[in-house]
Amino acid sequence: MQTKEDEKFIRKCIELSNEAVKNGDAPFGAIVVQEGKIIAEASNESRAKTSDHAEIIVMHKAKKFLKGNDLLSCTLYSNCEPCPMCSFMAREYKLERVIFAMPSPFMGGYSKWNILEDDGLEQFKSFFGKVPEVISGILEDEAKLIFDKTPLWMFGSNPEKK
């Protein structure tokens with residue numbers, strides 16, 4: 001269920017995605033929130049290292065902050081739907097919620113490959129957490145404005161670039 005704070009946190013992700021573009025990287029930003037407080041934030045750094053997606057970086061930072069392997073009581077926010085790699089990591093970190101602004105119909109770990117809701121992963125309890133609550137579409141149009149500055153046309157509900 002969407003909360004009042006979800007929009008505020010997605011707005012922060014959009015700001016981080018804009019910072020990533022200004023730094024010459026892909027337009028992705030993510031935060032991890034626990035009990036209404038941001039405990040980690042990150043922009044994409046994949047130009048330096050391919051696997052350094054904003055979501056991966058922020059989950060690692062949150063793990064370090066909490067001094068544990070699980071993010072059971074945390075929410076991952078992103079300006080865009082996590083890719084399959086990031087979605088598997090979200091499941092391994094056992095996040096409670098995953099919330100994003102824009103879908104990724106070509107690359108998404110939810111809308112293309114349904115990793116985030118794959119309840120079959122729960123049989124491997126030592127590796128994967130329960131299916132997290134997933135909410136999408138919060139401030140999608142605002143998030144898409146950053147993508148429109150880049151050649152990444154394959155994100156958002158309408159993949160046709162204006």
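Because the model is predicted, local features need pLDDT of at least 70 and side-chain atom pairs count only at pLDDT 80 or more, whereas totals for chains, interfaces and linings use all residues.

**The whole chain**

Followed along the sequence, they give the pattern α-β-β-α-β-α-β-β-α. The C-alpha atoms fill a box of roughly 45 × 35 × 30 Å along the principal axes. For 162 residues a compact globule would have a radius of gyration near 15 Å, and the value of 14 Å for the protein agrees with this; the radius is taken over C-alpha atoms, and the globule rule is 2.2 Å times the number of residues to the power 0.38.

Buried residues account for 49% of the 162 residues, where buried means under 20% relative accessible area, exposed means over 50%, and partly exposed lies in between (1.4 Å probe, protein chains only).

**The nonpolar core**

Next, select I10, V58, M59, L76 and Y77, which touch the most other members of the largest nonpolar core, a set of 43 residues. Such a core consists of buried Ala, Val, Leu, Ile, Met, Phe, Trp, Tyr and Cys residues joined through side-chain atoms within 4.5 Å. Helix α2 (residues 54–66) supplies the largest share of this core, 6 residues. Now centre the view on V58: leaving out residues up to four places away in sequence, V58 touches A30, I31, V32, A40, E41, A42 and L76, with contact meaning heavy atoms within 4.5 Å.

**C13 in helix α1**

Move to C13, which is found in helix α1 (residues 4–22) and counts as buried at 0% relative accessibility. Beyond residues up to four places away in sequence, C13 touches G29, A30, I31, Y77, S78 and N79. If you draw a distance from the C-alpha atom of C13 to that of M59, 46 residues apart along the chain, it comes to 14 Å.

Select L139 in the loop between β5 (133–136) and α4 (140–147), where L139 is buried with a relative accessible area of 15%. Apart from neighbours within four places in sequence, L139 is in contact with E7, I10, R11, I14 and A101. The C-alpha atoms of L139 and D6 are separated by 9.9 Å, although these residues lie 133 places apart along the chain.

**Two loop residues with positive phi**

Finish with E35, located in the loop between β1 (29–34) and β2 (37–43); its phi is near 50 degrees, a positive value in a residue other than glycine. E35 counts as exposed, at 71% relative accessibility. Then go to K94, in the loop between α3 (84–92) and β4 (97–102), which has a positive phi of about 60 degrees although K94 is not a glycine. K94 is buried, with a relative accessible area of 13%.

Note on methods: Residues are numbered from 1 along each chain as its sequence is written. Side-chain values use heavy atoms; hydrogens and water are left out. Helices (H or I, at least four residues) and strands (E, at least two) are DSSP runs, numbered from the N terminus.
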